[in-house]
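Here is a short briefing for a first look at this structure. Keep the view open as you read.

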Amino acid sequence: MRMQGIVGLTFLAFVVQSTIVPWIIPGEFAGRIVPHFTLAVVLFAAMYHSRHSALLLGAGFGLLQDVVFRGHLLGLHAYAMALIGYLFGLLLERRRSTMMMALVVVAFGTLLYELALYYVYKVFQFTQESLSWALVDHILPSLFLQLAFALAVYIPLRRWFQNLAMNRYSKKEPE
Amino acid sequence: MISFILFIAVIGVSISNRSGLTAPEKFLRDTTGFVQQWFYKPAGYMAGFFQDIGNLRAMHEENEQLRMTVAAYTRDKVKFNAMEQTNQSLQELLHFTEAQKKINDYKFLFAQVIAVSPDPYNQTLTINLGSKNGIKEKMAVITDEGMVGIISKVSEVTSTIMPLLELNDQAPGISATALGKQKQSFGIVSSYNKETQMLQMTKIAADDPMTKGDTILTSGLNNVYPEGLVIGTVESIQDSDFGLTKTASIKLAADFDHLNEVLVVQKPEAIQ
């Protein structure tokens with residue numbers, strides 16, 4: 001039941017980032033500000049729930065992204081998102097992360113994700129642009145949107161995930 | 001480590017130009033598309049509403065302009081009817097086969113965009129028509145301004161558009177020509193340069209009459225894409241590395257942000 005809630009929420013983030021956000025972004029920034037809301041939810045799951053749920057969410061929704069918007073490669077988003085979710089989960093799962101910490105994690109996670117995408121596409125020669133251009137063109141502008149989103153959902157998501165994690169531990173103890 | 005090997009394997013499989021989709025892929029795409037269309041359209045309406053309020057003042061001028069265009073259109077329509085009739089009688093005289101007569105008889109399917117990919121290197125669009133509606137891979141997609149892209153993947157009730165922005169040297173290009181010089185001019189639109197925001201048109205002969213400002217159309221020569229779709233205008237022409245051919249930079253005609261409705265061009269079934 002609870003895991004279903006998280007999956008539903010991530011799916012909502014996925015749908016919103018591919019349908020509503022393109023309409024909100026003004027024309028001159030279209031294609032430059034790219035939302036990665038599912039990644040933000042995955043990172044929150046890594047920080048406040050568990051690294052395993054982050055791994056599963058990342059792999060599942062990355063694969064969904066890969067399949068639905070099937071372009072050049074299959075499996076890239078799934079691999080990148082799962083790996084980043086798991087890594088940050090490994091580092092921060094047991095700590096009580098503050099809001100600043102959460103924002104920094106989301107920023108670094110997104111940066112890492114974008115760099116991974118860039119280098120894989122570069123290696124397979126689907127893009128010819130230079131790294132510095134890619135940074136200025138879309139990686140940094142997208143980061144601002146990502147941070148704004150993370151800030152907006154920080155309190156409800158943290159509360160929710162921590163409740164879920166707490167319930168899980170309290171259930172396990174009596175057994 | 002195992003996961004890394006798996007990742008390379010999956011990418012390797014997907015890169016080898018496997019066409020068509022498997023059943024689970026189609027199912028996943030269609031169900032997601034079904035949900036996405038509830039969101040994309042209302043969001044578009046809302047955005048359009050606010051834009052309209054902003055544009056209220058420009059409305060009067062636009063109306064005037066549209067009236068002029070309609071007048072010009074009706075005038076051309078008369079001409080067009082006469083030309084079509086002569087064309088038909090000439091075709092009869094020259095004993096055209098049924099297939100030859102129908103070769104330019106394109107059908108336009110009206111489609112709604114339902115989602116945009118949030119991946120800067122793979123900006124595909126999803127539309128709400130699929131193989132059920134007669135969509136096939138490699139059909140051209142246009143708006144009223146010009147060509148937008150090509151259908152790249154098709155499932156039952158949704159399909160994916162690969163926009164011209166994603167053209168690269170790995171995929172086969174689009175053969176193109178210049179308006180008014182269709183007989184002498186030829187080149188291949190091969191890739192899009194994101195840094196200059198221009199399409200690259202290569203393999204233009206050194207004695208080609210194409211000049212700056214020409215409108216570039218699809219030539220229909222390779223028999224994959226329809227003929228006469230507007231791609232863009234020539235911005236500059238340079239000699240290529242060896243000087244044997246020329247390369248042109250083309251500014252795209254279609255506007256790619258906030259796409260809502262597109263037309264899929266369906267070629268007549270080839271009679272062979």
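Y45(B) sits in helix α2 of chain B, which covers residues 23-54. The model is predicted.

**Y45(B)**
- Y45(B) counts as exposed because its relative accessibility is 54%, and the cut-off for exposed is over 50%.
- P268(B) lies 223 residues from Y45(B) along the chain. The C-alpha atoms of the two are 34 Å apart.

**Cavity count**
- The protein holds two cavities of 30 Å³ or more.

**Largest cavity**
- The largest cavity has about 50 Å³ of space.
- Its lining includes F14(A), Q17(A), H36(A), T38(A) and F61(A). Q65(A), M81(A), Y113(A) and P118(B) also line the largest cavity.
- Two elements of chain A, α1 (2-19) and α4 (51-68), each give two or more residues to the lining of the largest cavity.
- Five residues of this lining are nonpolar and four are polar. No charged residue is part of the lining of the largest cavity.

**Second largest cavity**
- The second largest cavity has about 30 Å³ of space.
- From chain A, its lining takes Q65(A), D66(A), F69(A), R70(A), G71(A), L73(A), H77(A) and Y121(A). From chain B, D119(B) and N122(B) line the second largest cavity.
- Three residues of this lining are nonpolar, four are polar and three are charged.

Definitions and conventions. Residues are numbered from 1 along each chain as its sequence is written. Chains are lettered from A and ligands numbered from 1 in the order in which they are written. This is a predicted model: local features need pLDDT of at least 70, side-chain atom pairs count only at pLDDT 80 or more; totals for chains, interfaces and linings use all residues. Side-chain values use heavy atoms; hydrogens and water are left out. Helices (H or I, at least four residues) and strands (E, at least two) are DSSP runs, numbered from the N terminus. Buried means under 20% relative accessible area, exposed over 50%, partly exposed in between (1.4 Å probe, protein chains only). On a 1 Å grid over the protein atoms alone, a cavity is a set of points where a 1.4 Å probe fits but cannot get out, and a pocket is an open set with protein on both sides within 12 Å along at least five of seven lines; lining residues have an atom within 4 Å of a point. Grid points are joined across faces, edges and corners, and a volume is the space filled by probe spheres set on the points. Ala, Val, Leu, Ile, Met, Phe, Trp, Tyr, Cys and Pro count as nonpolar, Asp, Glu, Lys and Arg as charged, and the others, Gly among them, as polar.
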